[in-house]
Amino acid sequence: MSGMKRRQLWGGIAVQAAALALGLVIIFPIVYGILGAFKSPAEFSAYPPTFWPESFAYTRNFRDAFARVPFLRFGFNSLVVAFIGTVMRLLFAVLAAFAFAFYDFRCKNALFLAVLATMMLPGDTLLVTNFLTVSRLRLLDSYLGMAITSFVGATQMFMLRQSFLTFPRELKDAGQVDGCGDLRFLATVLLPMSKPVLVTLFVQSFVTLWNAYLWPLLVTNSNHMRTIQVGITMITSFEDTNYHLVLAGVALSLLPSFLLFILLRRNIQRNMTGGALVG
Amino acid sequence: MLKRMLPLLLVAAMALTPGAYAQEPAQPVSLLFWHSMSDEAGVLVDKFVTQFNATIGKDRQISVEAVFQGQYSDATTKLNSILTAEDYAQLPDVMNLDATGKVAYFNSGRAWTLDDALAADPGYDISQILPITLSNWEFSGVRLGMPFAASTTIMFYNKTMLDEAGAMAPETFQDIISLSEKLPEKSAGGLDVLAYSVVPNTPTLANWLGQLGSYVVNNKNGSEAMATGLECLENGALETFLTEWKAMYDAGALTNAAGTTDQFVAGQLAVLTTSSSNVTSLLEKIGGAFELGAGFYPRVNAQASDGATVSGSCVVMFDKQDEARKAAAWELVKYLASPEVQAEFAAATGYVPVNTAAQEMAEYKALVAGTPQYAVAGEQLAITPADMKSVTVGPAKDFYYAIQDNIAMMLDEGLSVAETVEMMADDLQGLLYQYEQANK
C-alpha cells in the first residue's frame, strides 16, 4: 500500500470517527429521553442519575399518559394538519420554483428576493396578524385553519429552485420542440428526477408541522381539535417534576417522525444541508 | 390525475366543515372556561366542571365546557391575540390566569371583574377568601379575579438532623447562624453539611424586603403601574437585609449557591426554602430517610413580620355583554372558590385552599392529619401582611440576574454593605430606566 493510500485510509477513518462521535452527541438526548419513559419516578430522582431503566417492562408511564390525554385523537389531528400542510406547501413550492428556475419575466430577481426576505421574519411577529386573518376567514377550530399558514414556505421554494437550476434548460427546450408542455415536463421529467430533494423537504416539513405547538393551540378552541404537542403540555406539571410521564408522551410523539424517516430514508438526499436549513 | 387532485379536494372539504361559530342557545347558557391546569390538577378541573354541570348547572340550566389552553403564558398569548384582533366573540366566559395575564385582562376592555360581580351579588361573603390571595389579583385598586390555586414559599428542614444536633427549627437568619454552629461537619454519607444555601433573586428579595415593610420597586412592586425606581433604598430595608445576609455568610451559615432539592434529599442541606406545593414530592423523594420538618419562611430579623408572597392563579370573568352569561359565569367562579372544591383541590395537589372554610372540611382535615407539613402554608398565608406583593418589572430577567450577581459579588469579593447597596441601586435603577425609555 502506498503512503498516499494509507494517508487516505486514515483520513477516512478519522472523518468517520468524527461523524460517529457527532452523531452520538446529537442522538444522546433522544435516546436518554426514550429510556426515561421507562423509568419510575424514584429512578428519576436517583442520585447519581442512571442511564438505563431498571426494566423495559415498566409501562406505567405510557398507561398513565394515555389515561390523562387522548393521544390517539390528538395524534390523528396532528397527522392531518402536518400532512395537508406539507402537501400543499410542496405543491406551491414546486410551482413557484419552476417559474423561478425556467421562466424569464420582469422583476424575477426582485420577486425571488422578496420570497427570501420572508425567511427573515420571526414566526412570532406574524402570530397576531395570522390569527386575525384565520379568524376573519372563519377557519378557527378547523384543520384548514391550523394548516393554512404553512401552505407557503420560502425555504422549500428556495431549495427546489436551487435544485431545478441544476437541470439544463436545453432539456426543457428540446422537449418543447417535441410538443412536451410545461406541466408535462414538470410532472414526467422534473419531479421524478427531483425525488430525493422532494422527499427530504417532505420529511423536514412534516416533522416541523408535527412539532408545532403555539399556532395550533391559538387557533383551536375545543378539546377534540388539539394536537399532540398540546397533549404533552397537558401532562406537564408546573409545581412538580413528572418527567417520566412527559417523556412517555414525547416518546409516543416521536413515533411518526421515526417511521417516516425509516420509510423514506433511502430517498433522502445525502449531501443535503438539511440540518442547517429548517423552518 | 385524481391522485394529484386529492390534496386539493381534502382542503376544500376541510374548509366546508363548520368552525367554532356555534349559535348560543337563548335560554340554557353554555359557558366556556379556559384553564391552564395540567397533570393531576387538569384532571381535577374537569371533574369539578362535570360536578358543577350535574348540580348547580342542572338547576340553573348552565353547562360549562372546560378547555385546556396550554401553560399560563400560552393562554395569555392567545388572550393577547384575540384582544389585538378585537375578535371578542372568541373570548371565553371564565379564564384561569396567572400573573402574566393580569395586565392584559385589566386593559382588555371586556373585563367583568370580581369587584363588578360582588357589586351585583352583595350577598356573597368575600371575607371567607384569604385576604392575601385576594390582594394578589388586585391591579390599580381593582380586584380582578377570584383566587383559585395558591401556593407560597415556606421553609423545609431535615428534622432528624436538627434533632440529633439538639437544635430547634430556625425562625430568623440569626437562628440559622446558631443552627449552623450545632450541625455536624459531615453527613452520614460523608458529604459536607450545609446549613442554608440560597442566592437571593427577585421573588426572594420581595419576600424579605416585604417582611421589613418595604417594596423592592415603586408602584407597590409594580402591581399598580409600571415600576420606575427602587423603593428599598431610603427606608433602609435593602441595607438591613444585606447586613443580616452578610452576617449569615460571614458566620459560615450560608453558602452562596442555589441549594437544590437533591442536596436536601441527600441529607447535605439542613434548611431548604421552596414552594409549599412541593410537600408531596419531597416526601416521596426522601422516602423515610429522615423526618421532614416544615416551618414558616425565615425572617430577616426579630423585628420582621412573617410571610412570603403568594403565587398561583386566579379565575377571571369576561363581559360577553349578556347578563345571563355573566350571572352564570359568577356561579361557576363561586363554585370554584367554594370550601368543597378548594378542600378537594388542596388535598390532591398541595395548593393552599383559598377559602378559609375549606380548612374545616373533612378532606382537608384528613390531609393535614396525615401530612401535617401541609398546614404550614395556610397558616403562614393567614398571617402574611396583605400588602406583600410579588415584583412585576419590565426587564424581569436582567433584574433577576442583577440581584443575584450583586449579592454574590458582595459575598465573594467581600464588598461592604454600603458599597453593595450603591452598586445595586445603580444597576437596578439603570435597568428600570432603560426599559422605561425604550417603552415610552
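Colleague: What is the mean pLDDT of chain B?
Modeller: This is a predicted model, and chain B has a mean pLDDT of 88, with 94% of its residues at 70 or more.

Colleague: Where in chain B is the pLDDT below 50?
Modeller: That would be residues 8-26 of chain B. Beyond near neighbours in sequence, this stretch has 20 contacts in the model. Where pLDDT is low, the predicted coordinates should not be read in detail.

Colleague: Okay, and what are the ipTM and pTM?
Modeller: The model has an ipTM of 0.79 and a pTM of 0.80.

Colleague: You mentioned α13 of chain A. Is that helix mostly covered or mostly open?
Modeller: Mostly covered: helix α13 (residues 228-235) of chain A has 8 of its 8 residues buried. Among them are A:Ile228, A:Gln229, A:Thr233 and A:Ile235.

Colleague: What do the buried residues of α13(A) pack against?
Modeller: Elements of both chains. In chain A they pack against α3 (60-68), α4 (71-102), α12 (214-219) and α14 (243-264). In chain B their partners are α2 (39-54) and β2 (62-68).

Colleague: Switching to chain B by itself. What domains does the assignment give?
Modeller: The assignment has domain 1 (24-151 + 311-383) and domain 2 (152-309 + 388-438). Taken over C-alpha atoms, the centres of domain 1 and domain 2 of chain B are separated by 31 Å.

Colleague: How many residues does each domain bring to the contact between them?
Modeller: There are 17 residues from domain 1 of chain B and 19 residues from domain 2 of chain B. On the domain 1 side, helix α18 (residues 375-383) of chain B gives the most, with 5 residues.

Colleague: How many charged residues are on that domain 1 side?
Modeller: None: the side of domain 1 of chain B that touches domain 2 has 9 nonpolar, 8 polar and no charged residues.

Colleague: Now the inside. Which residues of the largest nonpolar core touch the most other members?
Modeller: B:Leu31, B:Leu209, B:Leu332 and B:Val333, out of 125 residues in that core. Strand β7 (residues 146-158) of chain B gives the most to this core, with 8 residues. The core also draws at least three residues from each of domain 1 and domain 2 of chain B.

Colleague: What is B:Leu332 in contact with, leaving aside neighbours within four places in sequence?
Modeller: B:Leu332 is in contact with B:Leu31, B:Phe33, B:Phe52, B:Val64 and B:Val94. There is also a second, separate core of 58 residues, which includes A:Leu139, A:Trp215, A:Val230 and A:Leu252.

Colleague: Last topic, strands. Which strands is β8(B) joined to?
Modeller: Strand β8 (residues 194-197) of chain B is joined by 2 bridges to strand β10 (residues 269-275) of chain B, and the two run parallel. Another 2 bridges join β8(B) to strand β9 (residues 254-255) of chain B, also in a parallel arrangement.

Colleague: And what are the bridge partners of B:Tyr196?
Modeller: In β10(B) the partner of B:Tyr196 is B:Val271, and in β9(B) the partner is B:Leu254.

Note on methods:
Residues numbered from 1 in each chain as written. Chains lettered and ligands numbered in written order. Predicted model: local features only at pLDDT ≥ 70, side-chain atom pairs only at ≥ 80, totals over all residues. Pairing = 2+ DSSP bridges. Helix = DSSP H or I, 4+ residues; strand = E, 2+ residues; numbered from the N terminus. Core = buried A, V, L, I, M, F, W, Y, C linked by C-beta atoms within 7 Å. Buried ≥ 20, exposed ≤ 12 C-beta atoms within 10 Å, placed from the backbone. Domains from an automatic or database assignment. Contact = placed C-beta atoms within 7 Å. Nonpolar A, V, L, I, M, F, W, Y, C, P; charged D, E, K, R; others polar. pLDDT = per-residue confidence, 0-100.
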